[in-house]
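Hi,

Here is the structure I promised to send over.

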Amino acid sequence: GCEALLMTSDRKVVLLRRSGAVGTHIGLYNGPSGHPEPEKVGLPKRGDEALRLETSCCQGANIADELFDSVLDEIRAELNVPL
């Protein structure tokens, strides 16, 4: 997964409290977080099965871009902050 550290213009850090409906770390605080989408870098989506990473299917830069983009998507979705 990925997580962001979001700081406001007055140097405050934005944290979210985890729901009681999640599987782990109920009620704890963390930054906006989520998971990148494997199919966006050329990996097949197979539900909960472990994915085997084959170097021929994706580029490191694509993976880094998707990690960064997924963090921005989570900030937009969870906090409604336009970026």
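Leu 5, Met 7, Val 13, Leu 15 and Tyr 29 make up a nonpolar surface patch, and their accessible area together is about 550 Å². A patch here takes residues with over 30% relative accessible area and no salt bridge, joining like charges within 9 Å and nonpolar side chains (Val, Leu, Ile, Met, Phe, Trp, Tyr) within 5 Å. A salt bridge is a side-chain nitrogen of Lys or Arg within 4 Å of a carboxyl oxygen of Asp or Glu. Areas are Shrake-Rupley values with a 1.4 Å probe, and for residues only the protein chains shown count as cover.

Keep in mind that this is a predicted model: local features need pLDDT of at least 70, side-chain atom pairs count only at pLDDT 80 or more, and totals for chains, interfaces and linings use all residues. Residues are numbered from 1 along each chain as its sequence is written, and side-chain values use heavy atoms, leaving out hydrogens and water.

Leu 5 is exposed, at 67% relative accessible area (exposed is over 50%, buried under 20%, partly exposed in between; 1.4 Å probe, protein chains only).

As for the fold, the chain has one helix and six strands, in the order β-β-β-β-β-β-α. These are DSSP runs numbered from the N terminus: helices are H or I with at least four residues, strands E with at least two. Of the 83 residues, 19% count as buried.

Cheers
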